[in-house]
Every structure is written in structure tokens, then in C-alpha cells.
Amino acid sequence: QVHFHKYSGLWVYREGQLIVNGEKGNEVVFQGDRLELDYRETPGQWDRIWLLDGGANSSINYAIIKNGFFGLQTETWPLDATADTTNTNLILKNTIIQNMAGIGLFARNYNIIGENVLISNCGSYNVGISGGGSFEFTHCTFANYWNYEERKTPAVFISNFYEDIFGDKHTNNIGKANFTNCIIHGNNDNELSIEKNGIGTL
């Protein structure tokens with residue numbers, strides 16, 4: 001059990017590596033530190049797990065990540081327009097991400113393999129992909145029935161470009177974005193959105 005106070009999170013910086021090895025029925029749980037009944041499923045209690053700039057392969061197996069702002073944020077250094085994604089790898093298996101006030105899984109210039117993952121009920125995207133990288137999801141469910149306020153974003157968003165903090169647009173190639181035997185569903189009419197800058201691949 002890993003508990004975070006308000007505004008806190010877990011930051012894995014350059015050359016850092018995150019290995020989470022839970023077991024079925026004994027998952028590693030990341031959540032806030034308010035344990036009262038009223039906070040059991042309340043989003044936005046803590047910040048995020050942030051894998052920044054890679055350098056080592058990370059893996060998460062049998063985890064529950066809930067009630068934060070972002071579940072997982074994976075990216076290279078945001079101002080690096082020519083990011084090398086060779087070593088920015090995450091294997092995500094048998095994991096639940098739910099009740100995030102913002103995004104469940106955010107990826108920018110990263111390589112992710114996801115198997116048997118459930119991401120549900122987020123205030124914005126369940127999965128938000130921008131920039132480059134490679135993404136393979138198998139036997140995953142992305143279901144968004146967020147009911148705290150109106151949600152105008154789709155459950156899954158994929159784009160091969162992003163804007164940095166200065167408003168400059170960067171385009172990187174997405175080698176693959178495969179969703180095999182996956183469910184994308186929610187209470188909006190459109191739960192999948194793809195945006196492509198013509199100078200990059202997607």
C-alpha cells in the first residue's frame with residue numbers, strides 16, 4: 001500500500017527505473033492518504049506517478065492506481081524536440097487505473113506495452129498519446145463514465161504532435177498504435193479521436 005498526501009506523487013527522473021511486482025489478489029495499491037469511507041473512490045486526492053526521460057525499462061504488474069490527478073505520466077524531457085525513445089519503455093500488465101481527475105495514462109515520446117489493463121472514469125482522457133513512440137495494447141478496457149461534471153474529451157486520444165510550454169509545435173513519428181481485442185467505451189458519442197500532422201507518421 002502506497003499512500004500519497006495532497007499534491008504529492010512519485011517522480012522517476014532520468015536514468016531512474018520503476019519496478020512494481022504485485023500479485024493477483026495482492027496488488028500494489030497507489031492511492032491517497034485519506035482512508036475514511038467518504039474518500040474511498042474520490043478522484044484528485046494526490047498528483048501522479050511520473051516517468052520522466054527514461055533511460056531504463058520500467059514495468060508495472062498487478063497494481064491499482066486510483067483517485068489521483070494523473071495515473072501515469074510517461075514522457076521524455078518536454079523541451080527535447082528530437083527525443084530518442086529507444087530506452088523510454090514501460091511494460092504495463094494486469095493493472096487498474098481509475099478515478100483520475102485528469103488523465104489515466106498520458107504518454108509523450110514513449111514506448112508502452114499494455115496487457116490486461118483497465119483504465120476507467122477519468123475527468124479527461126483515459127489514454128492520451130502525443131508526440132512519438134510505439135504503443136501496443138492487448139486485452140485492455142478503456143471505459144469512461146465520468147459523472148462529476150461534463151466531460152468533453154474522448155476516452156482515447158492519439159496525436160503525433162504536441163505543443164511545448166512556449167506554444168511551439170513538435171511532430172514525432174508514432175511507429176505503431178495497436179489496440180488488439182480492446183474495448184473503448186463511455187457515455188460520450190465519440191470516445192476515440194486521432195489527430196495527425198502530415199509531416200509525421202501515425
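Buried means under 20% relative accessible area. That cut-off is needed at several stops of this tour, which runs through a predicted model.

**Whole chain**

Start with the protein chain in cartoon view. It has 18 strands and zero helices. The radius of gyration is 16 Å, close to the 17 Å that the globule rule gives for 202 residues, so the chain is as compact as a globular protein of that length.

Next, colour by accessibility. Of the 202 residues, 49% count as buried. Switch to a surface view: the accessible surface comes to about 10000 Å², and carbon and sulfur atoms account for 49% of that area. If you draw contacts between residues at least 6 apart in sequence, 67% of them join residues at least 24 apart.

**Surface patch**

Select Trp11, Tyr13 and Trp77. Together these residues form a nonpolar patch on the surface, with about 330 Å² of accessible area. Centre on Tyr13, which is in the loop between β2 (10–12) and β3 (19–21). Tyr13 has a relative accessible area of 35%, so this residue is partly exposed.

**Ser58**

Move to strand β6 (residues 58–61) and select Ser58. Is Ser58 buried or exposed? Ser58 counts as buried because its relative accessibility is 4%, below the cut-off of 20%.

Show the side chain and look for Leu18: the Ser58 side chain reaches the backbone nitrogen of Leu18 at 3.0 Å. Then display the surroundings. Apart from neighbours within four places in sequence, Ser58 is in contact with Gln17, Leu18, Ile19, Leu51, Asn89, Leu90 and Ile91.

**Two asparagines with positive phi**

Select Asn67, in the loop between β7 (63–66) and β8 (72–75). What is its phi? Asn67 is not a glycine, yet its phi is positive, at about 70 degrees. The relative accessibility of Asn67 is 1%, which is under 20%, so Asn67 counts as buried.

Finish at Asn121, in strand β10 (residues 105–122). Here too the residue is other than glycine and phi is positive, near 55 degrees. Asn121 has a relative accessibility of 23% and therefore counts as partly exposed. With both asparagines selected, the view holds a loop residue, Asn67, that is buried, and a strand residue, Asn121, that is partly exposed.

Notes. Residues numbered from 1 in each chain as written. Predicted model: local features only at pLDDT ≥ 70, side-chain atom pairs only at ≥ 80, totals over all residues. Heavy atoms only, no water. Patch = residues over 30% accessible without salt bridge, like charges linked within 9 Å, V, L, I, M, F, W, Y side chains within 5 Å. Areas by Shrake-Rupley, 256 points an atom, 1.4 Å probe, with all protein chains shown as cover. Salt bridge = Lys/Arg side-chain N within 4 Å of Asp/Glu carboxyl O. Helix = DSSP H or I, 4+ residues; strand = E, 2+ residues; numbered from the N terminus. Buried < 20%, exposed > 50% of the residue type's maximum accessible area, 1.4 Å probe, protein only. Polar contact = N/O pair within 3.5 Å; in protein donor to acceptor, adjacent residues only side chain to side chain. Contact = heavy atoms within 4.5 Å. Rg over C-alpha atoms; globule rule 2.2 N^0.38 Å.
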